2 protein chains.
Amino acid sequence: MNQTIQTQLNHRTIREFKDTPIGAEVLDTLYNVANRTASSNGLQSFSIIRVTDKKKRQQIAEVCNQSYVIDVPELLIFVVDCYRNAKIAQEQGIGEDYRVSMDSFFQGFTDGCIAAQNTQIAAESLGIGTVYFGSILNDSAKIIEILGLPSYTFPIVGTGLGYPNQEPKLKPRMDIPLKVFKNTYQSEDNYLEAIRDYDKEFENYYDLRFPDRSLDPFSSQVLRALQNPNPKRVKLLNVVEEQGFNLSLDSIK
Amino acid sequence: MNQTIQTQLNHRTIREFKDTPIGAEVLDTLYNVANRTASSNGLQSFSIIRVTDKKKRQQIAEVCNQSYVIDVPELLIFVVDCYRNAKIAQEQGIGEDYRVSMDSFFQGFTDGCIAAQNTQIAAESLGIGTVYFGSILNDSAKIIEILGLPSYTFPIVGTGLGYPNQEPKLKPRMDIPLKVFKNTYQSEDNYLEAIRDYDKEFENYYDLRFPDRSLDPFSSQVLRALQNPNPKRVKLLNVVEEQGFNLSLDSIK
């Protein structure tokens with residue numbers, strides 16, 4: 001057990017922050033960490049948009065339906081960036097009608113995710129609290145417009161950073177034997193039975209966003225999430241295609 | 001600067017490992033770290049397959065076209081796992097013909113990526129060397145078969161872990177001002193000009209895989225990668241659809 005792993009095991013999402021700004025030197029360190037992250041084929045197919053403009057923050061908060069997007073001290077949006085490399089290839093004559101593949105898209109998506117996580121851990125190791133905003137994908141087309149994202153780019157996830165002004169409890173996690181398998185995927189005969197204790201744990205967990213009540217059991221949260229898909233989020237691939245990526249589908253079923 | 005950030009800034013891919021196995025206690029710590037990683041909507045839509053079976057290792061190495069997949073002390077494959085939650089919903093009556101959305105797919109992809117990166121940093125903080133195997137996607141259908149992955153799952157990335165038996169130099173990275181923007185994406189008028197110094201840096205970098213020569217300039221690597229797409233990788237979405245995900249496309253162009 002060392003400082004790094006203690007930080008990681010102690011991870012919790014922070015949603016209330018002190019006004020203390022994050023210093024320029026700290027931000028530079030975080031960018032360096034992001035930049036040193038592994039990347040698919042070494043192609044570094046991601047970028048970061050730091051959003052400081054209050055009007056853009058407001059617009060993003062509306063997409064996210066989360067007001068703390070406006071006031072979080074720092075907001076970094078990680079994006080798939082295949083634009084930069086497509087330009088580098090076009091300047092060498094690959095042709096203006098070239099379309100970037102979904103292989104490149106997924107390489108960029110992976111690069112951006114792992115860079116985001118690397119950044120968050122670096123921040124947390126410095127006592128900074130973090131929150132992921134997956135909710136930017138509630139309306140990916142709108143985020144593309146707000147940030148002026150060119151073709152061959154796509155938003156992945158936002159991350160909010162600031163010194164914590166709350167101390168949430170560790171959120172319960174499903175048991176590892178349901179998630180880690182040896183050589184072959186192992187299915188359960190009865191998942192509700194397998195997660196019975198986990199479901200009960202939520203009765204003892206209080207989310208600081210809803211201090212007056214305990215959470216619903218995990219199984220109820222899953223059912224609600226899957227029964228109420230967000231109509232724009234499920235059509236994300238249409239926006240990916242509009243951004244110029246070649247979906248390369250054999251057919252539509 | 002602390003231990004965590006030193007580890008992160010010191011990241012390099014390791015491809016040669018000592019025979020020393022990774023102890024069971026260390027593996028348990030890594031699983032705990034993976035399990036404590038943030039997750040989209042708290043749904044924890046990823047799983048890990050630890051591959052120890054030598055026949056499976058051989059098959060995966062053929063997909064990856066990387067022989068060190070066989071002998072790396074530990075091989076963990078991170079997968080999108082929407083199967084577990086679909087089952088939890090089905091056991092509560094959501095209907096057997098339910099199809100999981102691409103929103104859930106991307107949530108799972110994000111969850112798996114950030115858990116993989118969290119795991120790698122924990123490992124590196126303990127002196128373990130790491131390598132990502134994005135090459136498992138050279139043939140995602142084959143990986144699904146080898147690991148017995150059920151519907152609503154999909155391989156993301158593999159990670160190899162072991163005590164390093166080599167000391168590669170830090171690999172050059174593109175300058176941060178090309179990757180980090182304020183409020184709006186900033187395009188360059190001439191990328192080849194902007195990365196001229198970076199291209200030159202590769203002349204001083206020797207990859208331990210090719211000790212007798214320096215690397216091609218970055219711009220040449222980009223052109224080669226984009227000119228020679230892998231035919232199976234670009235059609236990855238077809239396999240995603242075969243795994244039961246609803247692509248929800250308005251049309252095919």
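Biologist: How many salt bridges does a search of the whole structure find over all chains?

Modeller: This is a predicted model, in which local features need pLDDT of at least 70, side-chain atom pairs count only at pLDDT 80 or more, and totals for chains, interfaces and linings use all residues. Residues are numbered from 1 along each chain as its sequence is written, chains are lettered from A and ligands numbered from 1 in the order in which they are written, and side-chain values use heavy atoms, with hydrogens and water left out. A salt bridge is a side-chain nitrogen of Lys or Arg within 4 Å of a carboxyl oxygen of Asp or Glu. Over all chains, the search of the whole structure gives 18 salt bridges.

Biologist: Which residue of chain A meets the side chain of Lys235(B) in a salt bridge?

Modeller: Lys235(B) lies in the loop between α11 (231-234) and α12 (236-242) of chain B, and its partner in the segment after β7 (245-246) of chain A, so the pair joins two chains. Helices (H or I, at least four residues) and strands (E, at least two) are DSSP runs, numbered from the N terminus. The N to O distance is 2.6 Å, and the partner is Asp250(A).

Biologist: What is the count of salt bridges between chain B and chain A?

Modeller: One pair to consider is Arg233(B) with Asp103(A), whose side chains meet at 2.8 Å, N to O. Between chain B and chain A the count is four salt bridges.

Biologist: What is the area buried between chain B and chain A?

Modeller: Buried area is the accessible area (1.4 Å probe) that two parts lose on being put together, summed over both. Carbon and sulfur atoms give 60% of this area, which is about 10500 Å².

Biologist: Which three residues supply more than any other three of the area that chain B buries against chain A?

Modeller: The contribution of these three residues is 8% of the area that chain B buries. They are Arg36(B), Asn183(B) and Tyr185(B).

Biologist: Are the rings of Tyr83(A) and Tyr185(B) stacked or edge-to-face?

Modeller: Rings of Phe, Tyr and Trp (its six-membered ring) pair if their centres lie within 6.5 Å; planes under 30 degrees apart count as stacked, over 60 as edge-to-face and the rest as tilted. The structure holds 30 aromatic pairs over all chains. In this one the centres are 5.6 Å apart and the planes at 85°, so the pair is edge-to-face.
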